[in-house]
Structures are given as C-alpha cells and as structure tokens.
2 protein chains.
Amino acid sequence: MNEKAFQDYYNEEHAACYGCGRLNTHGLKIKSYWEGEESVCRFTPAPYHTAIPGFVYGGLIASVIDCHSTGTAAAAAYRAAERPMGSQPEIRFVTASLHVDYLRPTPIDAPLELRGKVKEIKGRKVVVTTTVTSKGEVCARGEVVAIQLTKPFGA
Amino acid sequence: MNEKAFQDYYNEEHAACYGCGRLNTHGLKIKSYWEGEESVCRFTPAPYHTAIPGFVYGGLIASVIDCHSTGTAAAAAYRAAERPMGSQPEIRFVTASLHVDYLRPTPIDAPLELRGKVKEIKGRKVVVTTTVTSKGEVCARGEVVAIQLTKPFGA
C-alpha cells in the first residue's frame, strides 16, 4: 500500500505515542487507512504480546483499538470539514472513554485486522466502533469516544 | 513490601502475560496486593509509554487496569472460597469486558496508583472497579467484568 496512513500525517508533537507514533522507537507504530467508509488497521502481534500462551493479551487489543479509533476520528473530522489530512491547524483527538468486549481468545500467530466505523460525529466528539478479526473470526469489539483537542494536551 | 503479590501465585501456564506475568521478560510485570478491602498496584511508566509528550498513553492505562482487575478477581474468589491464594486447583479469571474513562491527562513522570474494589462477585463473574491516581489526582477510572476460567483458555 503506497498511500500514507492517518498516523503519518500527525504533527511531530503528536507522533510520539507508544501505540501509533511514528517517532516512538519502542512503540507499536500502528497504521490506519480508509477502505471506503471503514478504517482498517492490520497489526501483527509480537510473540511476547501473550496473555495465556498462544493468545494475544487484552491490553494489546485495547491499545490497538484505542489508537486506531483516535486516528479514525481525526480522519473522519478532516473528511467532514472537507480538508485534506495533514492540513493545518491540525485536527487531533484524544480518548475520553474506551470499551472493549472480548468475545473469544485471539490467536497470537496471525495478524489482527481492525475495521472501524464512525458511529457518531458531532461537534468535538466522534464515536468509533471497531471489530478485531483474526483468522476470519471476530475476537473483540471496541467502542471509543474521542474528543477533539482544542488546546495543547494537559494545558 | 515482603508479602507475595497476587500475580506471584499464578501457575506457570498463567504467568506469561505481557501485563502481569512474572515469566514474560518483555512485559510490565505489574504486582497487586490487598490493602484491607481494596487491591492496590503501583506502577511506574517508562519514558516511552508516552501519549502526547509528558503524559501516559491510554493503552498502558487500560493494560494495567485490565491485569490488576483480573488479579483482584482471582484474589477475591479465593477469599470468597476461604482458600489460600495459590491453592490448587487454581482459580484464574479472564477479561470479558474492559471500560476505561480517561478523566484528565496522566503525567508520565510519576508512579501510578491503582486502587481496585470488588463491585460484584457472583458465580463465575467478578466485577472490579479501579481508580488510577497520579500526583494525588484521579486520572482514570476502569471497570472490568472478569470471568473465571473453567477449562484451558482457548479450548
């Protein structure tokens, strides 16, 4: 895939995230893209991302859902504003709440496919629902409420 | 603290978790203890557990809540059964659902203190609520529905 991922457009000060920052050398560096109306992220767990041997630990699944969802929220807000991604001032979202339902054990020896949908977009709030599929089965479902940053984080 | 943590009692096949397994050399190795009716875990984020620089990323907070909660569920179930922790057959829980509300940015330059409470314990299900405090402020709240394993995970 030659197109840039949502996360490749983040300004430098927003590119240090452990989950999705291209500048975090220790991090997961997840990448998300549009496929029509869905956002898609494919991520291959490391062997040490174990829960019980053979399966992915829930914290990793939560982490990938979280960053995929805030990225999807940003991409959706750029779309809604009819602005190209990466145009300034930057549109960036943080997580207000994260919910994950773990439906079945997630095998560790296969890539995860996350597919996100924008459930709601209103004002500064975007709600993203995501499925996490492995080996053809939906293993987890996530819902993230993302809120647009209007000032520097922590200010 | 000389007492053993909940996680130090897990059988070897349940001690590989990235979040809480004492045998996972890459993992977070969180440790939880009773303090009266609350379970407590203190965890110091690494500098690379960044969201936006200066703050902890939400996936780490979700991960620590998750493992602290399943550990608390196991400890609570041993208590309820009036059995010493570590006695066999092992009582172990997995996460059915995880919810996190992020209340404010969590500083990365201080330890996190998680305090868990058992909200419900009934049959195979234990619900644990957790606060995550940093520098004296509650930065996040979690709720985990944990389900007791009755057969090998994934079987």
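View 1. C41(B) has L114(B), in strand 4 of chain B, as its bridge partner. The model shown is predicted; local features need pLDDT of at least 70 and side-chain atom pairs count only at pLDDT 80 or more, whereas totals for chains, interfaces and linings use all residues. Residues are numbered from 1 along each chain as its sequence is written, and chains are lettered from A and ligands numbered from 1 in the order in which they are written. Strand 2 (residues 38–43) and strand 4 (residues 112–122) of chain B pair in the antiparallel sense through five bridges; two strands pair if DSSP finds at least two bridges between them. Helices (H or I, at least four residues) and strands (E, at least two) are DSSP runs, numbered from the N terminus. Strand 4 of chain B is also joined to strand 5 (residues 125–134) of chain B, by nine bridges in an antiparallel arrangement.

**View 2. Surroundings of F43(A).** F43(A) lies in strand 2 (residues 38–43) of chain A. It counts as buried because it has 23 C-beta neighbours inside 10 Å; a residue is buried if 20 or more other C-beta atoms lie within 10 Å of its own, exposed if 12 or fewer, and partly exposed in between, with C-beta atoms placed from the backbone. Leaving aside residues up to four places away in sequence, F43(A) touches I30(A), V64(A), P111(A) and L112(A). Contact means that the C-beta atoms of two residues, placed from the backbone, lie within 7 Å. The C-alpha atoms of F43(A) and L28(A) are 8.6 Å apart, while the two residues are 15 apart in sequence.

View 3. Helix 1 (residues 58–80) of chain B has 23 residues, of which 20 are buried. Its first and last C-alpha atoms are 32 Å apart, close to the 33 Å expected at 1.5 Å a residue, the expected span being 1.5 Å times one less than the number of residues. After this helix comes E82(B), with a positive phi near 55°. V64(B) touches G19(B), L28(B), I30(B), C41(B), F43(B), L112(B) and L114(B), not counting residues up to four places away in sequence. In the largest nonpolar core, of 86 residues, those touching the most other members are I61(A), V64(A), I65(A), I61(B), V64(B) and I65(B). Such a core is a set of buried Ala, Val, Leu, Ile, Met, Phe, Trp, Tyr and Cys residues joined through C-beta atoms within 7 Å.

**View 4. Contact between chains A and B.** Here 36 residues of chain A are in contact with 36 residues of chain B. Helix 1 (58–80) and strand 3 (93–102) of chain A each supply at least two residues of the side that touches chain B, and strand 3 gives the most, with eight residues. Strand 3 of chain A and strand 3 (residues 93–102) of chain B run antiparallel, joined by five bridges. Within strand 3 of chain B, L98(B) stands opposite V100(A).
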